[in-house]
Amino acid sequence: MTIACIWASLLKIKRRKMSSNQEEHEAVTNFREYLRIPTVHPNVDYSKCVEFLLRQAQSLNLPSNIYYMAPGQPIVVITWLGQKPELPSILLNSHTDVVPVYPEFWTYDPFSAHKDEYGNIYARGSQDMKCVGIQYIETIRKYLKDKLVFDRTIHILFVPDEETGGNLGMKKFVKSPEFAALNVGFALDEGLASNDNSFSIYYGERTLWHLKVTCSGTPGHGSLLHENTAGEKLQYIINKFMNWRDYEKLKMKSCNLGAGDITSINLTMLNGGCQINVVPPELSVCFDVRLSIDVDVEKMEKTLKKWCKEAGEDVTVEFLEKMAFIQPTKIDKNNPWWVAFKNECDEMNLKLKTYIFPGATDSRYIRQIGIPALGFSPINNTPILLHDHNEFLNEKTFLDGIDIYYNIIKSLASV
């Protein structure tokens with residue numbers, strides 16, 4: 001039985017069975033319609049998604065704009081102008097793309113947004129992160145219905161390409177005059193579900209390195225013990241990285257740290273050789289490294305180069321992805337945005353746990369230009385199923401999230 005099935009069974013025990021003729025909430029209907037749009041990699045077609053979002057903007061009677069930082073990569077902005085538009089605005093960010101699926105491992109069609117009798121909605125993107133995009137929209141809808149007004153402008157942003165690194169979406173957008181015109185003072189972005197009654201808040205991310213080490217050496221016949229081979233050098237490099245990995249695993253276990261608190265090192269690719277009895281002139285290895293926020297990145301880079309030198313001549317390191325260190329958002333009394341966020345959560349008696357995000361989100365590009373950002377998805381008592389089979393979100397959890405955003409965003413817009 002899969003994790004999703006186990007959790008679904010537990011949820012069935014905890015929640016009363018919903019009446020089959022109960023009218024569905026408008027927000028849930030919009031959510032399910034959004035989930036049925038297959039903005040799935042690779043080669044995403046965003047046309048129906050854009051059409052859907054523009055209809056949502058029209059239903060709110062709010063202006064919208066579409067920007068393209070790259071062909072076929074639309075960025076949609078829905079804007080609710082504040083009473084004092086000169087003040088820095090609030091940015092509510094979400095991404096429209098989703099990761100690939102393996103339909104044979106799903107109980108229901110991953111783009112059917114099937115809702116079972118207990119209100120569990122199964123679809124790719126139900127947690128990551130189409131739920132949040134619709135919750136933003138429905139929160140603004142409630143404000144308009146309640147005739148609320150705020151001093152600060154609120155922008156709802158829908159970006160493409162997050163699941164493949166954001167290079168054609170947010171990374172380019174934050175450097176554009178169109179983004180500068182939004183006058184952003186603070187941003188909310190995605191977080192992760194929590195499998196207990198707490199809510200997870202993410203205030204920073206680790207530094208991402210994708211690197212390739214290439215070892216050149218003496219080629220020849222496989223029957224001879226040649227000196228200075230690529231394989232010997234490769235072994236030295238792999239041992240260094242794996243020892244580093246063992247140290248981080250031990251630190252995580254002995255200090256009871258979370259995934260975002262340590263550096264992760266994973267060997268992901270090995271390349272080289274042409275035939276089993278031929279000693280190759282070159283071998284290479286690739287590593288995915290996520291440096292914890294307490295690592296001195298310059299010192300670590302010097303250490304990597306030192307390892308290459310120790311391995312022997314003609315050993316080089318190439319960075320395929322090399323993020324600079326990005327300062328986390330402050331979560332103390334000196335950050336008025338955090339104070340407003342935290343106070344509102346306290347008023348609602350929400351139990352918060354703060355973390356460094358273990359992976360990477362578009363928040364890093366926002367923080368990189370000096371804008372404070374928090375990652376938050378109002379999902380608790382739910383298994384973390386992003387990128388997993390049978391990803392689902394219960395409709396009650398989804399609707400509760402709108403109520404949570406209603407209070408939090410109202411407070412942020414009043415800072």
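D97 is a buried residue, with a relative accessibility of 0%, in a model that is predicted. An unreviewed UniProt entry lists D97 together with E162 under "active site".

**D97**

- The loop that holds D97 runs between strand β3 (89-95) and strand β4 (114-115).
- The relative accessibility of D97 is 0%, which is under 20%, and D97 therefore counts as buried.
- Leaving aside residues up to four places away in sequence, D97 touches T39, H41 and Y46, and also V159, P160, D161, E162, E163 and T164.
- With one of these residues, H41, the side chain of D97 forms a polar contact of 2.7 Å.

**E162**

- The position of E162 is in the loop between strand β6 (154-159) and helix α5 (170-173).
- E162 is buried as well, at a relative accessible area of 8%.
- Apart from residues up to four places away in sequence, the contacts of E162 are H95, D97, E190, A360, T361 and D362.

**Helices α2 and α3**

- Helix α2 covers residues 26-35 and helix α3 covers residues 47-60; the two pack with their axes 10 Å apart.
- The angle between α2 and α3 is about 160°, which is over 145 degrees, so the two helices are roughly antiparallel to each other.
- The crossing in which α2 passes α3 is left-handed.
- On the α2 side, the residues that meet α3 are N30, E33 and Y34.
- Their counterparts in α3 are C49, F52, R55 and Q56.

**N380**

- N380 is located in the loop between strands β16 (373-376) and β17 (392-394).
- Its relative accessible area is 15%, and N380 is buried.
- A polar atom of the N380 side chain lies 3.1 Å from the backbone oxygen of N197.
- Not counting residues up to four places away in sequence, N380 touches S194, D196, N197, S198, F199 and T397.

Conventions
Residues are numbered from 1 along each chain as its sequence is written. This is a predicted model: local features need pLDDT of at least 70, side-chain atom pairs count only at pLDDT 80 or more; totals for chains, interfaces and linings use all residues. Side-chain values use heavy atoms; hydrogens and water are left out. UniProt positions are given in the numbering used here, feature names are shortened, and annotations may be inferred rather than shown by experiment. Helices (H or I, at least four residues) and strands (E, at least two) are DSSP runs, numbered from the N terminus. Buried means under 20% relative accessible area, exposed over 50%, partly exposed in between (1.4 Å probe, protein chains only). Contact means heavy atoms within 4.5 Å. A polar contact is a pair of N or O atoms within 3.5 Å; within protein, one must be able to donate a hydrogen and the other to accept it, and residues adjacent in sequence count only if both atoms are side-chain atoms. Axes are lines fitted to C-alpha atoms, for helices over the stretch in contact, and angles run from 0 to 180 degrees between N-to-C directions. Angles under 35 degrees count as roughly parallel, over 145 as roughly antiparallel, 65 to 115 as roughly perpendicular and the rest as oblique. A crossing is left-handed if the near helix is turned anticlockwise from the far one by less than a right angle, and right-handed if clockwise.
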